[in-house]
Amino acid sequence: MSNIEKNNPMSAEEVLKLKTIKAKSSEKSVNEKSLKQEPEMITIDGRNFPKGMKSVGVVLGERSKNDESTETDYFYPTHSDFEYHPKLEPKKDRKPKFIERESFLTVEGARTIFGPDQRKVFNSTAYPWRCVGRVESSLGIASGVMIGPRHLLTCAHIVDWQPNNSTGWLKFTPMYYNGSAPYGSAWGTLTYYKYKVAGPTIDSTEVQFDYVVIVLDRPIGNSTGWLGSKSYSDSWDGQASFTHAGYPADLTGTQRPTYQTGIALDGDFWSPDDNQSISHKADIWPGQSGGPFWAYWDGQPYAVATQSAHNPSINFASGGSDLVDLVKRARNEHP
């Protein structure tokens, strides 16, 4: 049995016992100019648009012969508190549900929420919650997480794939909350991908590869910190150890983040470990795509998958060792 299979994530009960770690230093004020950093623009037919990105396709299954690593490192900035459960939004800021799912769904029997809704709206600038943020592109809104100094992990289907190894623009705002952006926003400059997944429907192959690593135009992760990444092991199937966070359209209109803990994942036995289609019954709605699933090992957070898709009876995430390889490639080639 490999080390990764022996090394189980902490259970939800074990995480509950962990105490908040207080910041060891004061957080430096962020330069106002960097908070308002604008993207490079291009003009098309007399109109200005944010400039798109170049893309780098990594061959499926390609990996360094000497590379047996199944994870990448995390970074906890000691100027931040480390909270295992984030502060919920104050009662005064709570708003009615943005979309009534029951009347919105048109397919008979379609579900993405199973039982009572377990998602909670939070507003926290503590680590690791400050690493999660709102993703915008010409295709709409999704979610993502910092996975390196200037490296964003999100879903592939939010990327506007275009000819000649180019894509449309993409913007990331960590800990976006009702228009506030405590760390500003960063813009994508390069997209690392394994498979060009494009919606609105996602097939059984695409759901195994629905993630990208975006190289951003500034090292926003030095302020927010970032999560580690880890290859998913089927030996963790059924363990309710995982957390998900993202920006749902139904509860908050993608304007405020939600989280859910105690999630069990199930890696499909027919998927290779390199590219796992992972099913789950976490509470999901569009907007949460690209949001991370993570757990804690020795009290430290590692992302294992991104939210991808759903059908009438189950939700799906994408993970595996190819995800870790993509993170490593992007970080090594564009540190």
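Asn164 lies in the loop between strand 9 (161–162) and strand 10 (166–167), where strands are DSSP runs of E of at least two residues and helices are DSSP runs of H or I of at least four residues, both numbered from the N terminus. The structure is a predicted model, in which local features need pLDDT of at least 70 and side-chain atom pairs count only at pLDDT 80 or more, while totals for chains, interfaces and linings use all residues. Residues are numbered from 1 along each chain as its sequence is written, and side-chain values use heavy atoms, with hydrogens and water left out.

Although Asn164 is not a glycine, its phi is positive, at about 60°. With a relative accessible area of 70%, Asn164 is exposed, on a scale that takes under 20% as buried, over 50% as exposed and the range in between as partly exposed (1.4 Å probe, protein chains only). A positive phi, of about 50°, is also found at Asn178, again not a glycine, and this residue is placed in the loop between strand 11 (170–174) and strand 12 (186–193). Asn178 is partly exposed, its relative accessible area being 34%. A further backbone feature is the cis peptide bond from Tyr127 to Pro128, with omega near 0°; Pro128 belongs to the loop between strand 5 (120–121) and strand 6 (132–137).

Aromatic pairs were assigned to rings of Phe, Tyr and Trp (the six-membered ring of Trp) with centres within 6.5 Å, planes under 30 degrees apart being counted as stacked, over 60 as edge-to-face and the rest as tilted. The count comes to 19 aromatic pairs by this rule. One of them joins Tyr74 and Tyr302, whose ring centres are 5.9 Å apart and whose planes stand at 80°, so that the pair is edge-to-face. Distant parts of the chain are linked by this pair, since Tyr74 is in the loop between strand 4 (71–72) and helix 4 (101–104) and Tyr302 is in strand 19 (residues 300–311), 228 residues apart. Tyr302 also forms an edge-to-face pair with Trp297, at 5.9 Å centre to centre and 85° between the planes. Tyr74 is partly exposed, with a relative accessible area of 29%, whereas Tyr302 counts as buried at 9% relative accessibility, and Trp297 is likewise buried. A single aromatic cluster is formed by Tyr74, Tyr232, Trp236, Phe242, Trp297 and Tyr302.

Lys230 lies over the face of Trp297 at 4.8 Å from the ring centre, and over the face of Tyr302 at 4.4 Å from the ring centre.

Strand 19 also contains Ser308, which counts as buried at 3% relative accessibility. When neighbours within four places in sequence are left aside, Ser308 is in contact (heavy atoms within 4.5 Å) with His157, Ile202, Val207, Asp210, Ser289, Phe316, Ala317 and Ser318.

Helix 7 (residues 321–333) has 13 residues and reaches 18 Å from its first C-alpha to its last, close to the 18 Å expected at 1.5 Å a residue, where the expected span is 1.5 Å times one less than the number of residues. This helix is mostly covered, with ten of its 13 residues buried; among them are Leu323, Val324, Leu326, Val327 and Ala330, together with Asp322, Asp325, Lys328 and Arg331.

Note on methods. A charge sits over a ring if NZ of Lys or CZ of Arg is within 6 Å of the ring centre and within 35 degrees of the ring normal.
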